[in-house]
Amino acid sequence: MIRDRVAACHPIMSEDGAIFVSIDKVERGAVQYALDDVFGDDNNIEELIWTQATSNGQLPNYSTNHEYVEVYAKRRDSVEADKAMFREPKPGCSEVLELVAKLNLNFPSVDEIERELKSLYSNHRADYKRSVEERGMPWDAEAQRQDSWKGIYPYNNAEYRDAGGRLVSEQDARAKDAKIWVWQEIPTGAPASKQSPSTKDSADPNYRYYRPTHPVTGKECPCPQTGWKFPFKDIPDKPDRRSFCSLDAEDKIAWGKDETKVPRTKGFLHEVETNISTSFFMSTIMVRLS
């Protein structure tokens with residue numbers, strides 16, 4: 001029965017369509033077999049696991065409180081060509097990018113851009129607070145945590161970069177047809193977990209407790225308590241690994257005003273603007289099997 005219904009979906013899907021099949025552990029294996037048979041295992045995009053709000057604490061072994069969503073494409077290459085297929089913008093991102101596009105027409109100063117960002121965020125907070133209070137809900141810490149834009153607010157810095165991603169001064173922005181990039185500071189500390197011994201060996205290229213020199217004061221900056229996420233210089237046999245120096249050469253290090261601040265990296269909104277999503281689009285079919 002499951003295979004018949006999956007097979008009936010296949011011919012009516014567009015070539016860049018995908019199917020999301022939600023199932024519990026009882027029929028999970030049968031669904032995977034049917035989907036592999038109809039779509040082919042090469043078109044298996046992912047298995048998503050979602051947690052239910054309840055669990056059964058009375059079970060003698062483990063309490064299973066999750067189910068599965070099997071994601072298959074009709075044609076994997078067509079689906080993966082659409083970068084937005086499995087992603088949706090963070091709330092507030094579209095509004096910020098729309099503002100940036102409007103401002104970019106006149107190449108305003110960076111200070112003006114940042115004031116406009118602050119105003120946009122302030123207006124949203126006011127609108128959100130009003131909507132909360134109109135529903136008769138208290139404007140408390142919990143309500144503020146529910147603000148869908150809270151992940152966007154830290155993006156309050158701006159700069160100009162050219163088509164190649166190189167930093168451009170605001171004075172040269174118009175001449176070089178530069179674009180506004182909005183960014184936030186990202187912590188540079190390594191995860192608080194067990195690290196390779198090489199990270200504490202100052203003679204090793206992978207050393208992570210170096211102290212970079214501040215570009216203005218010429219004094220050493222502190223390093224994160226857990227060490228840096230990346231080595232100081234590029235490691236020749238690991239060309240894909242970023243280093244502090246390579247990031248700084250691209251002006252992607254956010255230095256403090258002086259050496260007292262631990263430098264951070266710049267996280268650009270347009271590069272991290274999307275979240276993984278199981279929202280389906282016009283070319284996507286959602287099927288629930290139970």
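**Figure 1. Pairing of strands β5 and β6 in the predicted model**. Strand β5, which covers residues 157-161, pairs with β6 in the antiparallel sense. The two strands are joined over two bridges. Within this pair, Tyr 160 stands opposite Val 168, a residue of β6. Strands of a sheet pair through backbone hydrogen bonds, and the pairing may be parallel or antiparallel.

**Figure 2. The five-stranded open sheet**. The strands follow the order β6-β5-β7-β9-β8, and their pairing is antiparallel.

**Figure 3. The contact between helices α4 and α5**. These helices pack at an angle of about 145°, and their axes are 11 Å apart. Their crossing is right-handed. From α4, the residues Glu 95, Val 96, Leu 99 and Leu 103 take part; they meet Ile 113, Glu 116, Leu 117, Leu 120 and Tyr 121 of α5. The residues of this contact comprise seven nonpolar, no polar and two charged.

**Figure 4. The contact between helices α1 and α2**. Helix α1 spans residues 2-9, and helix α2 spans residues 28-39. The two pack at an angle of about 35°, with a distance of 9 Å between their axes. Helix α1 passes α2 in a right-handed crossing. On the side of α1, the contact is made by Ile 2, Arg 3, Val 6 and Ala 7. On the side of α2, Val 31, Ala 34, Leu 35, Asp 37, Val 38 and Phe 39 contribute. By class, the contact residues divide into eight nonpolar, no polar and two charged.

**Figure 5. Confidence of the prediction, with a view of residues 276-290**. The protein has a mean pLDDT of 89, and 90% of its residues reach 70 or more. Over residues 276-290, however, the pLDDT is below 50. In the model, this stretch has 44 contacts beyond near neighbours in sequence.

How values were computed: Residues are numbered from 1 along each chain as its sequence is written. This is a predicted model: local features need pLDDT of at least 70, side-chain atom pairs count only at pLDDT 80 or more; totals for chains, interfaces and linings use all residues. Side-chain values use heavy atoms; hydrogens and water are left out. Axes are lines fitted to C-alpha atoms, for helices over the stretch in contact, and angles run from 0 to 180 degrees between N-to-C directions. Helices (H or I, at least four residues) and strands (E, at least two) are DSSP runs, numbered from the N terminus. A crossing is left-handed if the near helix is turned anticlockwise from the far one by less than a right angle, and right-handed if clockwise. Contact means heavy atoms within 4.5 Å. Ala, Val, Leu, Ile, Met, Phe, Trp, Tyr, Cys and Pro count as nonpolar, Asp, Glu, Lys and Arg as charged, and the others, Gly among them, as polar. Two strands pair if DSSP finds at least two bridges between them. pLDDT is the predictor's confidence in each residue, from 0 to 100.
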